[in-house]
Amino acid sequence: MAELPVTMSVNGERHRHIVEPRKTLADYLREDCALTGTHLGCEHGVCGACTVMLDGVAVRSCLMFAVQAEGAEVTTVEGLAKNGELTPVQEAFREEHGLQCGFCTPGFVVSVHAFLEDNPRPSRDEIVEALSGNLCRCTGYQGIIRAVERAATTMGGAT
Amino acid sequence: MRKRSAKPPLALPCRPVKPAPFEYHAPATTADALAVLAEHGDEAKPLAGGQSLVPMLALRLTRFGHLVDLNRVPELAGIERHNGTVTVGTMTRQADLERSPDAAAVPLLGLATPLIGHFQIRNRGTVGGSIAHADPAGELPAVVLTLDAQLDIASASGTRTVSASEFFEGTWTTVVGDDELLTAVHFPVWADGAGFAVDEVARRLGDFALVGVVCGVELDGSSKVTRAAIGLLGMGGTPLRAAAAEQALVGTAPTDDELTEIGRLAVADLDPPADIHASTEYRSSVGAHVVKRALRTALERAGG
């Protein structure tokens, strides 16, 4: 099948490659852009490890094709920290032991960034609900929930 | 001396979780999309939000020679309210439906949509995609059936409108033909003061529901039910209406015991599917309870 050119902005940088239409955005980010922070767990939309921001909203990068992101602005986990400083969310994950093996962490961190932007003062129930789209097999989630609470406080939205 | 045979190479089959190759079409108008569908027939598939289709492609449960991406057809998205109807364009994102003030006139949409997958899924997933995919455990298909929505189906030769009761044929199967596209859904607005509820049992938040109910009731001045609609999801190959339970409910101001009976009646004639997560008996038993619980909520919300 015909390969197609695709141009998009990833973490503020313009990327242009020729890709097979069936290549997912996740594979494109990892293989063509060499941004391997976006992880692939289940590759069918269940685990959330591949979550990225697409034009300002969190999406599964394994559930869309790279060609569909033509002209889009994508932010991966690599694009969150500015000037080498961790974001409050990243800092909170470290402080609260929100990760162990780290495989799921990029997906959680991107999802939590999107969630707190939408809801800066979440209740614990809302946090649990928001995290339901990401699977972690190490932490038992408690550290992650605490990390979201801490990040919300740090970012000034605390109740 | 016999040489020990070399260890055979690891015989791991190479099974990449990737879709089979396809040709990609990104039309800018509905007419162009329909033209591609007309040309390629069952070799072509519309790609909406991709939250169900892409996994099915990736797992190679299905394959198509042509994918027709609808994400660049602006005219297919949008929510409008006029004359007792809320019309939702097929490519409206579920997240947009969730937040739409216009869609609030149909409370079942706002109650059911947050139960679809997770927020990351709803950011991408579409209303029409969910309905046309027709998963028997899907929330929006059940809302469509329960509210007797009307569905616009277009092809290169014109548009037809079908009723919800005719739309769903079986698991993942609807009356939408290979060269057709579900373009919009019309949801009727019920009277002020009507009460609605959506209730489902899933193993985790955002999982497919094992059993679910969507329902609506209208009451008269003496709290008697004048109108009732009860839809079930996960209880058969398509969403189902509990017609006998609806009839039993109308004209009554049901007591708690009567609601228990109506819950039983709603699942009495069903033969729900059994799978690794729930047996037929479990689905029936839980289904009866969930119907009761949802009706009680809807009646309370209606001021009953």
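Reply: Happy to! Start by counting who takes part: in this predicted model, the contact draws 31 residues from chain B and 31 residues from chain A.

Me: How much area do chain B and chain A bury between them?

Reply: About 2,600 Å², with 61% of it on carbon and sulfur atoms.

Me: And how many salt bridges are there between chain B and chain A?

Reply: The count is 3 salt bridges. In one of them, the side chains of E43(A) and K18(B) meet at 2.9 Å, N to O.

Me: Which elements of chain B supply at least two residues each to the side that touches chain A?

Reply: They are β1 (23-25), α2 (53-58), β3 (66-69) and α5 (119-124) of chain B. The largest share, 5 residues, comes from α5(B). By type, that side of chain B divides into 16 nonpolar, 8 polar and 7 charged residues.

Me: Now the single residue. Where does D152(B) lie?

Reply: D152(B) sits in strand β6 of chain B, residues 150-155.

Me: Is D152(B) buried or exposed, and what is the nearest side chain of opposite charge?

Reply: D152(B) is buried, and R160(B) is that nearest side chain, 9.8 Å away. A salt bridge needs nitrogen and oxygen within 4 Å, and D152(B) has none.

Me: Which side chains make polar contacts with that of D152(B)?

Reply: T161(B) does, at 2.9 Å, and so does H186(B), at 2.8 Å.

Key
Residues are numbered from 1 along each chain as its sequence is written. Chains are lettered from A and ligands numbered from 1 in the order in which they are written. This is a predicted model: local features need pLDDT of at least 70, side-chain atom pairs count only at pLDDT 80 or more; totals for chains, interfaces and linings use all residues. Side-chain values use heavy atoms; hydrogens and water are left out. Contact means heavy atoms within 4.5 Å. Buried area is the accessible area (1.4 Å probe) that two parts lose on being put together, summed over both. Helices (H or I, at least four residues) and strands (E, at least two) are DSSP runs, numbered from the N terminus. Ala, Val, Leu, Ile, Met, Phe, Trp, Tyr, Cys and Pro count as nonpolar, Asp, Glu, Lys and Arg as charged, and the others, Gly among them, as polar. Buried means under 20% relative accessible area, exposed over 50%, partly exposed in between (1.4 Å probe, protein chains only). Lys and Arg count as positive and Asp and Glu as negative; His and the chain ends are not counted. A polar contact is a pair of N or O atoms within 3.5 Å; within protein, one must be able to donate a hydrogen and the other to accept it, and residues adjacent in sequence count only if both atoms are side-chain atoms.
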